[in-house]
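This report describes helix packing and aromatic contacts in the structure shown below.

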Amino acid sequence: FLCYFAWAEFAPSWWRRLFIAVTLASIVLMGPARIAAGEHWPSDVLGGYLVATLWTALALAVLRAAERRWPTGRPI
């Protein structure tokens, strides 16, 4: 979600690209690190990625629906 938020809300700059790169790298590298440390099975990591992807997609769908319903950003 932070990656999407940075991409959608921050003005294009090298700071935005750096922020997105760091957050994506932490997401992508955390799973293999947990497997290598013996803390999780590969299926756990893949399941976590799947659940996180679905949850983020749901959160973004709710956000977009709220933005369409209340274009000013204020629900009242």
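I27, V28, G31, P32 and I35 of helix α2 meet P42, V45 and Y49 of helix α3, where contact means heavy atoms within 4.5 Å. By residue class, this contact of α2 with α3 comprises seven nonpolar residues, one polar and no charged; Ala, Val, Leu, Ile, Met, Phe, Trp, Tyr, Cys and Pro count as nonpolar, Asp, Glu, Lys and Arg as charged, and the others, Gly among them, as polar.

The model is predicted: local features need pLDDT of at least 70 and side-chain atom pairs count only at pLDDT 80 or more, while totals for chains, interfaces and linings use all residues. Residues are numbered from 1 along each chain as its sequence is written, and side-chain values use heavy atoms, with hydrogens and water left out.

**Helix packing**

Helix α2 covers residues 14-36 and helix α3 residues 42-69; they pack at an angle of about 155°, with their axes 9 Å apart. Helices are DSSP runs (H or I, at least four residues), numbered from the N terminus. Axes are lines fitted to C-alpha atoms over the stretch in contact, and angles run from 0 to 180 degrees between N-to-C directions. The two helices, α2 and α3, are therefore roughly antiparallel to each other, a term for angles over 145 degrees. The crossing of α2 past α3 is right-handed, that is, the near helix is turned clockwise from the far one by less than a right angle.

**Aromatic pairs**

The structure holds four aromatic pairs, a pair being rings of Phe, Tyr and Trp (its six-membered ring) with centres within 6.5 Å. Two of them, F5 with F10 and F10 with F19, are edge-to-face, the term for planes over 60 degrees apart.

| Pair | Centre to centre | Angle between planes |
|---|---|---|
| F5 and F10 | 5.8 Å | 75° |
| F10 and F19 | 6.3 Å | 65° |

F5, F10 and F19 form one aromatic cluster.

**A position in α3**

A52 is found in helix α3 and is partly exposed, with a relative accessible area of 39%. The C-alpha atoms of A52 and F1 lie 9.6 Å apart in space, although these residues are 51 apart in sequence.

Terms used. Angles under 35 degrees count as roughly parallel, over 145 as roughly antiparallel, 65 to 115 as roughly perpendicular and the rest as oblique. Rings of Phe, Tyr and Trp (its six-membered ring) pair if their centres lie within 6.5 Å; planes under 30 degrees apart count as stacked, over 60 as edge-to-face and the rest as tilted. Buried means under 20% relative accessible area, exposed over 50%, partly exposed in between (1.4 Å probe, protein chains only).
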